Each structure stands twice: as C-alpha cells, then as structure tokens.
Amino acid sequence: MSGRVETSMAGTGSSASRIVIYGLLLLFAVIFLTPLFVMLITSFKTLDEIRDGNMLSLPQSPTIAPWLSAWGSACIGLTCGGIKGYFANSIEMVVPAVAISTLLGSLNGYVLTKFRFPGHKIIFALMLFACFIPFQAVLIPVARVLGMVGLGNSILGLILVHVVYGLGFTTLFFRNYYEAFPTELIRAAQIDGAGFFQIFRRILLPASGPIIIVTVIFQFTNIWNDFLFGSSFASGDGVPMTVALNNLVNTSTGVKEYNVDMAAAMIAALPTLLVYVVAGRYFVRGLMAGAVKG
Amino acid sequence: MAFLEIKGLFKRFGKVEVLKGIDLDLELGGFLVLVGPSGCGKSTLLSAIAGLDTISEGEIRIDGQVVNDLRPSKRDIAMVFQSYALYPNMTVAENIAFGMEMRGVPKPERDAAVERVAATLQMGHLLSRKPSQLSGGQRQRVAMGRALVRDPRVFLFDEPLSNLDAKLRVDMRTEIKKLHQSTGKTIVYVTHDQIEAMTLATKIAVLRDGALQQVGTPAEVYNRPANLFVADFMGSPSMNLLTSRVVAHNGGTALELPRPNEAAILLRMPPNVAPGAVQVGQEVIVGIRPEAITDPDGADRNSPLVEIVEAHVDVVEPAGSDTYVVTQASGKEVIARMRSDADVRPGSRIPFAFDLNKAVLFNPESRQRIG
Ligand SMILES: Nc1ncnc2c1ncn2[C@@H]1O[C@H](COP(=O)(O)OP(=O)(O)O)[C@@H](O)[C@H]1O
Ligand SMILES: [Mg+2]
C-alpha cells in the first residue's frame, strides 16, 4: 500500500521535472534550429518576398529557382556557372583525402599497437603533437613545399595537405581502438601463416567498422568544411565549395540575391548533413566502443 | 636425439631478463608440461618456441633443424591460446580452414579437412556459427580443431583450460590426454595448475622467475622434488616441510621435530638419504607428503621404515574419500591423510604413521634436496 503511494508521488515529482526538462530541450532545439529554418525558407522565396516579408514567414509562392540558379548559373567572381563546378572540386578533394587518411591512419594504428618497434611511443607522441599545431603556423611552409613539388594551386595539393594534417587524428583514433584489440588474434594469424597485410585485411579491418565510421565522419566534416587551406592553396576555378560560397556571397555585381546565397549554403552543407544522418548513430557507438575498451 | 631441443635460451625485454638460460628437450611424441606460478615466463617460453617472439640468446631445434630464424608459420607448429583467439568475423569452419587457406590449399581439400576435424571433435553442428554464438567449452573445442587440422610437428598449448569452469576443465583435460594418446603428437603445454601438470605430462618442467627448477617425470618431480620451491608448488595439499635437527639415536641418526608442551617427535633417518649426507647436529628440512602420514592401518606395508608417533589432533577435515588430520610439529601445522573411516576426533591423541621411505630432506640454506 505504502509502496504504491510512494510510486505515485515519485511519478508526479518526475513528471513535473520532466516538463521542465522537455521545455528546456525544446527551447534550445528551437534556438539552434531557427537559423537553419530561416535559411531553408529563404532559399525557396522570391527576392520580392524576401524584401517585403517577415524573415520567419513561410514562402507564399515557393520556388526552386534560387536553387537552380545557385547550382548552375549564379555569378562567382567573373564566371556565371553556379557552384556546381566547385561542388565537384570539393568532392574530388574530400573523397580521396578521407579515404587515404583513414587507410593510412588504420595502418599506423596497426603498426603502433601490433608490430611495435623501438621508439614507437615517441613516434606516436609526435603524431599526436601534430593534432595540436595550429593551421596558421604551417600555412607558409606548406605553400612553399607545395610550390616546390609542383602541387601549388591544385586539388592534388589540397588532398596532400588534408591527408598529412588528418593523419595525426586518424592515427590516434585507430591506435586507441587497436590497442584494445586482442594481440593473441594477431599471433594466431601469424602461426596460421598470414602476412602483414593479410592480417590487416582479414582479421583487423573486419573488426574495425565502428572506428572507420568515426574516422570517416570526422575527416569528411573537417575536410569538407575547411576554408583556410582551400583559400590558401587553391585559386580561380580550382577552389573548393566553401571558398566558392564565400566568393558567391561577396560578389558585388547587381542586387544581393539572398535566396540564392541561402540555397548555395544549403547545398554546401548537404553532404555533411547526409553523412551524419546516414552514419551518425554509428558515430556515437564507435566513440563509446573506443572509450570503453581503450 | 630429442625432437624438440632448447639450449641456453635467454629472453630479455629491454633490461628485464624474463628467461634466464633454459635448457630443455623433449622426445618425439612426448607431452611436456611447463608449470610454474603466474608471471614466471611460461608464455614467453612458448612464444619463443612458436617464433612469435625473437629470443635474445640460445638455440631452438625441432627435429634437428635450428628454427631460431624461422617465422612461426614456417616452424610447422600449431598453438592453442588461453583466450582461444578465434577470429570473430569468421565462422567456425572458416576459422579452422584459415591456416590452410593462407597456405594455398585448394578449397575442396580444406572442406574435407574441416569435416574430418569436426568429426573427431564432435562439432559438426557448430561449423556455420560465429565464435560469439559459442559457449566457452565449444570455443575451446574450435581452438583445438584449428590446431589439429594442421597436423603440425609440435602442438603448443598456453593454459588452454584456465578459462573454463571446474567441471568442464576436468572433462577437457581427459579429452586432451586421449587426443595425445591417439595421435601420438609432440606437445608442449603450459599451465599454472599443478594437477593438470601431473595428470597430462610425460615430462614436467617447473619454472620459477625464468629459471628451470626441475625437469623430470611427474613421479620424479612429485616424489623427489629438487628443491623447496618444487616441493611446495607441486601437490595439493602441499608437502609438509618441517624444520628439524639431526640427532644421534640408537647407534644411528634420527630427525628431531620439536613440539609445544611435549617431547619432540623422533623419526629415524629416511632410508633414501645416503649415509654421511647429513651430520649429527645439522639442521635440515624434512619434506613429507600428507599421504605419507597416515593412521597405522593405512600405512604402506611394503615400506621399509614406518614410524608410529602419538600426537595430538588439532583439526579434522573430512574430504570425502579421505580425512585430513592436522597436528603440530616444528612450529607448523602438519597435515596427515587418513582413511575416512579412521576414528579421529579433534582434541584426542592418536597414533600417526610416518612413512619415512617417502620423506625427503632439504638443506635450509641452499634450499636444495639432500641426497
Ligand atoms: N612484451 C613484454 N615486455 C616486457 N615484459 C614482458 C613482456 N611480456 C612479458 N613480460 C614479462 O615477462 C614475465 C613473464 O611473462 P609471461 O611469460 O607472460 O608469464 P606466465 O605466462 O608464466 O604467466 C612477466 O613478468 C611479464 O611482465
Ligand atoms: Mg601466460
């Protein structure tokens, strides 16, 4: 009897605090989502409607013209071909950069945990240190090096820079993950006659799903969203999406087309959004797995 | 010539010397058990034989061939790991076949070999499962299957039963013994469990802090331990090790074991101690196993020297088939093993029969056996 009274009291107490919690959560969600909402609705409005209407009101006569213009015909600098070329630049840069840095990171992690050599700790410490070097400090040396090897102003150069810069992080992720991977499995495979790469491919990689997802999301978002390297080491038609978006917004010919700017910004943000939606829950799971085991 | 020979083996990790000069050999078809407390270097020695770790000094030969510089896969050995080390992303069948696949054995042959091993170990129904879907005992079985399918020159086992519960451990122990008898393979087996060592081995090597203490048949190691460490480590309950003094007695010598509040126990000199090996007045440690101290009716009738001594019973511990009876001597508890139907009550005085034919003496300074 008394038990039931207690539970019902606990019930009212928790439902009151629940209202507060959910209220706060809702409030913050609204605060965070409002800019996205404004961007989204603005990108479907006509210019007239933007000038006359309320920023928060839904579009009266929705149009996809701004999206088409942003994609295919908006003027960026002197050319008026939209952002599609730059979008392609970003894809061309981000896919190999993510793939290579992830693969190298996993190989590094493999060697640093399962094929240890004298001095492996120092090497790892140095790689970790690379994660903390501010971008600005390396801009000029990197530009010099890229120029010397003939990769200045090219997507290839950007790929190289992103791979090198990402290596510290990807190595860290994989090393911590593989540290917890049972060494006896590697030894069993050695006795079974598997070589260095066979062990990697047949034993280690199949068990690396969560950490691969974490690394890919992390690298993809970072490289896709990078502005500094893109604006420093590329120019003209060769710049990535983020730089082009900036140029589009800052282009001063004619009227300011907010709807086109918003649509272009949405397009620029889409790939990272997509990656999160598709793989986001694995991201959290992968981080947890590393945390618990490591 | 022995099938497996280890000569002057040293292993150092940086400055830490983990194996300190191991000399060991094993004949073809032998079952060598490396036994010793945790951290004494058993796994390191096994890894050295397998080639998973390089060695700092010394030589390892298999069938006359020096294998120091051979990779593990070229040594023709198979190993069963403590954690079983089953590849989690592969089915049982793929696990068993992986080694053959790496060696380029054609698929039909691999399948046939897997079938054969699965039949031997009665696990045909498990072949398509993943390791995560198996119980501990089944994983153990698969790990054995993976080793068996290779038909190697030497099997290496690293504490293969230590993750199983007590009942399963005893079953698998019997199974491993049967497997050895039916295949006649050469096996090196690591355990910290001295009972496992006694039941499985044709040869036991006792290891402590990276140095061999004694190598011999189970009977030798059990009955004539080389030193106090082996005497104490092997056997459960362990050997009674009692400090005593050599005294003159009836024209010969005897061992005097002081007791609280009564006359010391006097035991005539064990017959297997060579005359002159000990002097009157010398202090020695007498080692005598619980089963060599019995009730008079239970004493070995063929023993040339049994001493009957009256002593006070402190504790009685029935253990099913036997009863352990505890008394005091030399400031320690002395455990005797009596028949379960012997009439013993705590606090009473009863006769204890010491079978001195089974007693051994140790030098308290050098800690080595005398004679
Ligand atoms: N890679 C290593 N580096 C340094 N010390 C090690 C290494 N591997 C083992 N050891 C040390 O060697 C000793 C013996 O280890 P091990 O052979 O695993 O013992 P056991 O198998 O007998 O329990 C332990 O003290 C352990 O700390
Ligand atoms: Mg071990």
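Residues are numbered from 1 along each chain as its sequence is written, while chains are lettered from A and ligands numbered from 1 in the order in which they are written. Because the model is predicted, local features need pLDDT of at least 70 and side-chain atom pairs count only at pLDDT 80 or more, whereas totals for chains, interfaces and linings use all residues; side-chain values use heavy atoms, with hydrogens and water left out.

**Chain A overall**

- Chain A has 13 helices and 0 strands; helices (H or I, at least four residues) and strands (E, at least two) are DSSP runs, numbered from the N terminus.
- The radius of gyration of chain A is 25 Å, well over the 19 Å that the globule rule gives for 294 residues, so the chain is more spread out than a compact globule. That radius is taken over C-alpha atoms, and the rule is 2.2 Å times the number of residues to the power 0.38.
- Along its principal axes, the C-alpha trace of chain A spans about 85 × 75 × 35 Å.
- Of the 294 residues in chain A, 39% count as buried. Here, buried means under 20% relative accessible area, exposed means over 50%, and partly exposed is in between (1.4 Å probe, protein chains only).
- Take the contacts in chain A with a separation of 6 or more: residues 24 or more positions apart account for 69% of them. A contact means heavy atoms within 4.5 Å.
- The accessible surface of chain A comes to about 15,900 Å², and 72% of that belongs to carbon and sulfur atoms. Accessible areas come from the Shrake-Rupley method with a 1.4 Å probe; for residues, only the protein chains shown count as cover.
- Chain A carries 17 positive and 12 negative charges, and their mean positions are 14 Å apart. Lys and Arg count as positive and Asp and Glu as negative, with His and the chain ends not counted; the place of a charge is NZ of Lys, CZ of Arg, CG of Asp or CD of Glu.

**Chain B overall**

- Chain B brings 8 helices and 22 strands.
- Its C-alpha trace spans about 80 × 45 × 35 Å along the principal axes of chain B.
- Buried residues make up 51% of the 371 residues in chain B.
- For contacts in chain B with a separation of 6 or more, 67% come from residues 24 or more positions apart.
- The mean positions of the 43 positive and 44 negative charges of chain B are 5 Å apart.

**Where the chains meet**

- Chain B puts 26 residues into the contact and chain A puts in 14.
- Together the two chains bury about 1,700 Å², 58% of it on carbon and sulfur atoms; buried area is the accessible area (1.4 Å probe) that two parts lose on being put together, summed over both.
- On the chain B side, Leu52(B), Tyr87(B) and Met102(B) lose the most area to chain A, together 29% of what that side buries.
- Helix α8 of chain A (residues 183-191) has buried residues, including Leu185(A), Ile186(A) and Arg187(A).
- Those buried residues of α8(A) pack against α4 (84-114) and α9 (196-204) of chain A, together with α1 (42-50), β6 (77-80), α2 (92-102) and α4 (136-148) of chain B.
- Just after α8(A), Gly193(A) takes a positive phi of about 95°.

**Spots worth a look**

- Asn153(A) sits in the loop between α6 (135-148) and α7 (155-179) of chain A. Its phi is near 55°, a positive value in a residue other than glycine, and Asn153(A) is exposed, with a relative accessible area of 53%.
- Tyr84(B), in the loop between β6 and α2 of chain B, also has a positive phi, near 75°. Tyr84(B) is buried, at 6% relative accessible area.
- Going from Ser236(B) to Pro237(B), the peptide bond is cis, with omega near -5°. Pro237(B) is in the loop between α8 (228-233) and β11 (240-249) of chain B.
- Thr113(A) belongs to helix α4 of chain A and is buried at 9% relative accessibility. Not counting residues up to four places away in sequence, Thr113(A) touches Arg175(A), Tyr178(A) and Glu179(A).
- Lys107(B), in helix α3 (residues 107-120) of chain B, is partly exposed at 48%. From C-alpha to C-alpha, Lys107(B) and Glu256(B) are 72 Å apart in space, and they are 149 residues apart in sequence.
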